[in-house]
Amino acid sequence: MAMDVVDYEIKGSEMQFVEVELDPGEAAVGEAGSLFFMDASIGMDTVFGDGGKQGGGLLGKLMGAGKRLITGESLFITVYTNQGSNKQRVAFAAPYPGKILPMDLSKLGGMLICQKDSFLCAARGVSIGLHFQQKLSVGFFGGEGFIMQKLEGDGLAFVHAGGTVVKRELLPGQTLMVDTGCVVAYTPNVNFEIQYVGKIKTALFGGEGLFFAKLSGPGTVWLQSLPFSRLASRVFAAAPQRGGSREEGSVLGGFAAGGLLGGLLGGDDD
């Protein structure tokens, strides 16, 4: 399917959104829940599958939908088409603080491997598929890096990463050790493996997990400083676990805690 060539502008600093400009008849595809706003002449159509092969048969659509389901995404994807006679704009917002990365697949060999929850939107014609790591060690110990998304085509795709983004160009034989959740995307010629941290003490008490992602060149990798899983675990750890609210640093909270502790230790004062 021919790719639509779209213009875009990324706005914001920490909570970014991408504004895509569509010529008459052009379209963009977006994940469910990613829409920010759109002009009045933009038409929405929810399609079954990955949105990249709308003219395919039922079997192809079922396979595309099944792949998306495995990666934890919706079975459907939304297509936004400019049905007017002038340029129209549609915007897609990032789901949490970080950066939106424009990926020109035509300059990346027509394919990009990315984390399963990082895809935001793309020009119509880009196929969003499934990528399984080939090695059993990655499957057993790779965590977030085992099942990834595969973006194919020669158009623009937009990927979201948490925190600050680092782009590294790896030379042939050059190796980079990364936390498995910090890998955002990489070109398909990069070799992805899982490696044990090496020491029992470090594995048990280091707080960094038991395994690293080992990325070997040649190729390009994109890394994120704040994976959503890490952000979510910190929020969960800081949240009250027994209902009510926890008043950290509050004088009233301290008195309440002291009164409760005193009651528990002193028993009834009847």
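## Confidence

The chain has a mean pLDDT of 77, with 67% of its residues at 70 or more. pLDDT is the predictor's confidence in each residue, from 0 to 100. This is a predicted model: local features need pLDDT of at least 70, side-chain atom pairs count only at pLDDT 80 or more, and totals for chains, interfaces and linings use all residues. Residues are numbered from 1 along each chain as its sequence is written, and side-chain values use heavy atoms, with hydrogens and water left out.

Helices (H or I, at least four residues) and strands (E, at least two) are DSSP runs, numbered from the N terminus. Two stretches deserve a mention. Over residues 136-143 the pLDDT is below 50, and the model gives this stretch 14 contacts beyond near neighbours in sequence. Residues 247-266 also stay under 50. Their contacts beyond four places in sequence number three. A contact means heavy atoms within 4.5 Å.

Four strands form an open sheet in the order 1-2-7-4, with antiparallel pairing. Its edges are strand 1 (7-11) and strand 4 (35-38), each pairing on one side only. Neighbouring strands are turned by 20° against each other on average, direction ignored. Here axes are lines fitted to C-alpha atoms (for helices, over the stretch in contact), and angles run from 0 to 180 degrees between N-to-C directions.

Strands of a sheet pair through backbone hydrogen bonds, either parallel or antiparallel. Two strands count as paired if DSSP finds at least two bridges between them. Strand 1 and strand 2 (residues 17-22) have five bridges, in the antiparallel sense. Tyr-8 stands opposite Val-20 of strand 2.

## Salt bridges

Side chains of opposite charge can pair when their charged atoms come close. A salt bridge puts a side-chain nitrogen of Lys or Arg within 4 Å of a carboxyl oxygen of Asp or Glu. The count is six. One network of salt bridges links Lys-11, Glu-19, Glu-21, Asp-23, Lys-87 and Arg-89.

Within it, Lys-11 and Glu-19 pair with their closest N and O atoms 3.3 Å apart. Glu-19 is buried, at 7% relative accessibility. Lys-11 is partly exposed, at 28%. Buried means under 20% relative accessible area, exposed over 50%, and partly exposed in between (1.4 Å probe, protein chains only).

Lys-87 and Asp-23 also form a salt bridge, at 2.4 Å from N to O. This pair links distant parts of the chain, 64 residues apart. Lys-87 lies in the loop between strand 6 (76-82) and strand 7, and Asp-23 in the loop between strand 2 and strand 3 (27-30). Both residues are partly exposed: Lys-87 at 45%, Asp-23 at 26%.

## Around Thr-220

Thr-220 sits in strand 19 (residues 219-224). Its relative accessibility is 10%, so Thr-220 counts as buried. Beyond four places in sequence, Thr-220 is in contact with Lys-167, Arg-168, Glu-169, Ala-185, Tyr-186, Thr-187 and Val-190.

With Glu-169, the side chain of Thr-220 makes a polar contact of 2.7 Å. A polar contact is a pair of N or O atoms within 3.5 Å; within protein, one must be able to donate a hydrogen and the other to accept it, and residues adjacent in sequence count only if both atoms are side-chain atoms. Glu-169 also forms a salt bridge with Lys-167, the closest N and O atoms being 3.9 Å apart. Lys-167 is exposed, with a relative accessible area of 51%.
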